[in-house]
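Here are my notes on this model, point by point. Please read them with the structure open.

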Amino acid sequence: MSAVLERTEAPASAITSESTEAVASLTHITKRYANGVLALDNLSLTLQGGEIVSLLGPNGAGKSTAVKLMMGLSSPTSGSVRIFGADPRHTITRLRTGVMLQAGKAPEMLRVCEYVNIFRGYYPQPMPYADIVRAASLEGIESRFFGQISGGQKQRVLFALALAGDPDLLFLDEPTVGLDIEARRGMWAQIRSLATRGKTVLLTTHYLEEADALADRIVVINKGCVVCEGTPAEVKSLGSALSGASTSRSLKIIRCSTSLPATTLLAIPGVTTADRSGILTTLTSTEPERTLRELLALDQTLHSLEVQSPALEDAFLALTANP
Ligand code: ADP
Ligand code: MG
């Protein structure tokens, strides 16, 4: 999958030529939902033009809530949200912003090319159709119905729709969940190429390697609060200092697509946590070889298996662990 946008000059609306005023900011935001859940607790976050910031945190940390506030889809209980110096609900603000929401859906009976062109029609200066197709690697599926393409292809279409307005600011909420590693790396290349054109990107993820691979700056959040913030190297070194090398020697992260329920997974020897997101399940195991043997024996249909060293996961766990 090649990356993609080949314009050599920045578009007229690119952020980089503008003042140093923040492109987007959340200032002392608290968000309490009607059910009483405190999703964000005095959180502040600033995006400068042209940077990729990764909001990294476990499920329930408040990542999607932060994105929805920045999109103007939800209001803060207190605090202020500014996008391009204005209210996120302004039409002008929205026209300069693209979003790929988590669990984004689209009706199934339109063709991919029709979707892209309908979305381009919403904007006064859309991204050229051919640029979108290249940016989201839609070659070969343009005339297919949305309902008849794979999950990974659907993710790419949703990414394409986020680009339709040639946005200066992109919100990508867990854009690679459920993608296999090759598709994930393809999307990383696409996201990087957007940043080189001066776009500002807020990427939420719970994949540490994704934040590490893409972000200029990582903001780790947990339970609605910023836990730490810095370059990927700074966050990793802080995390490993906190977690201590000795605790991680035998720990492995196992990702796979499996139909086994959480109760079964947690009963497998060595498994300490089991977390499902989309079609992928992430396990941590202190006895990875034993866990893998048992896992493969229990589920003959298991696929998309990955085993990962825990250096980054350690950093993350240390930073988001309960005191
Ligand atoms: P993340 O995206 O990091 O997984 P979310 O922002 O989706 O986290 O959720 C943060 C917390 O707010 C969670 O406890 C979640 O259950 C809760 N929450 C999210 N959306 C709503 C909602 N619409 N109503 C009530 N609670 C919500
Ligand atoms: Mg979320």
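1. The open sheet has four strands, ordered β11-β12-β10-β13, and the pairing is antiparallel. Keep in mind that this is a predicted model. β11 (271-277) and β13 (303-308) are the edge strands. Each has a single partner strand, so one side of each lacks a neighbour in the sheet. From one strand to the next, the twist averages 15°.

2. Look next at the pairing of β10 (residues 252-257) with β13. These strands are antiparallel and share four bridges. One pair to check: Ser257 has His303 in β13 as its bridge partner.

3. What lies across this sheet? Helix α10 (residues 288-298) does, lying across β10, β11, β12 (280-285) and β13. Its direction is at about 15° to β10.

4. Now the ligand site. Residues around ligand 1 include Tyr33, Asn35, Val37 and Ala39, and also Pro58, Asn59 and Gly60. By class, the shell holds five nonpolar residues, six polar and one charged.

5. Which side chains place an N or O atom by a nitrogen atom of ligand 1? For Tyr33 the distance is 3.5 Å. For Asn35 it is 3.4 Å. Gly60 uses its backbone instead: an N or O atom there lies 2.7 Å from an oxygen atom of ligand 1.

6. How much of ligand 1 does the protein cover? On its own, the ligand has 560 Å² of accessible area, and the protein covers 65% of that.

Notes. Residues numbered from 1 in each chain as written. Chains lettered and ligands numbered in written order. Predicted model: local features only at pLDDT ≥ 70, side-chain atom pairs only at ≥ 80, totals over all residues. Heavy atoms only, no water. Pairing = 2+ DSSP bridges. Helix = DSSP H or I, 4+ residues; strand = E, 2+ residues; numbered from the N terminus. Axes fitted to C-alpha atoms, helices over the stretch in contact; angles between N-to-C directions. Contact = heavy atoms within 4.5 Å. Near = heavy atom within 4 Å. Polar contact = N/O pair within 3.5 Å; in protein donor to acceptor, adjacent residues only side chain to side chain. Areas by Shrake-Rupley, 256 points an atom, 1.4 Å probe, with all protein chains shown as cover. Nonpolar A, V, L, I, M, F, W, Y, C, P; charged D, E, K, R; others polar.
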